[in-house]
Amino acid sequence: PELADLSGKVAYVRIKLDEGFNQDRSAPGGMIFYALSGDDYAWGQAEWTNVQESARGKWREFSFEMSFPWREVSAAGVQGSSVAFDAARVRLLGLIIHTGGGGSSTILPTPAVFHVDSFGHWDPDLIE
């Protein structure tokens, strides 16, 4: 894929959950909006976002400020985006949708149907 300069841009995706997914409010499902950049496909991502049961049947827009990929440094190491991620050299945008659960949850996720309407980006400097 061609490289795109998304420096200073906000990428967005519109999705809708129609049915199923995870009904366990203590361990909700969610998504990660990500991008890969450069020749080595360096990972960059927005922070994890829960997909709430109340979102069912509604279009929602999620965004990723490309110049500020999410990264967390803890005692366990670095999580999230690679330091090599370069918003000026984006190769692709993608989504990971995860059913959640885990831990001591006994409520299993159900088959789900998601719709993706669009991927795109906008320049916050052009908003008045």
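Where is the place of V51, in terms of β4 and β5?

View 1. V51 sits in the loop between β4 (49–50) and β5 (60–65); strands (E, at least two residues) are DSSP runs numbered from the N terminus. Its relative accessibility is 6%, so V51 counts as buried (under 20% relative accessible area; exposed is over 50% and partly exposed in between, with a 1.4 Å probe and protein chains only). Leaving aside neighbours within four places in sequence, V51 is in contact (heavy atoms within 4.5 Å) with L17, F21, G29, G30, M31 and F114.

This is a predicted model, in which local features need pLDDT of at least 70 and side-chain atom pairs pLDDT 80 or more, whereas totals for chains, interfaces and linings use all residues. Residues are numbered from 1 along each chain as its sequence is written, and side-chain values use heavy atoms, with hydrogens and water left out.

**View 2. Aromatic pairs.** The structure holds 5 aromatic pairs (Phe, Tyr and Trp rings, the six-membered one for Trp, with centres within 6.5 Å; planes under 30 degrees apart are stacked, over 60 edge-to-face, the rest tilted). The F33 and F64 rings, with centres 6.0 Å apart and planes at 70°, are therefore edge-to-face. This pair links strand β2 (residues 30–37), which holds F33, to strand β5, which holds F64, 31 residues apart. Both F33 and F64 are buried. Y34 and W43 have ring centres 4.6 Å apart and planes at 15°, so this pair is stacked.

**View 3. The β6–β7 hairpin.** Strands β6 (residues 71–74) and β7 (residues 77–80) pair in the antiparallel sense over 4 bridges (pairing requires at least two DSSP bridges). The hairpin has 2 residues between β6 and β7, and R71 has G80 as its bridge partner in β7.
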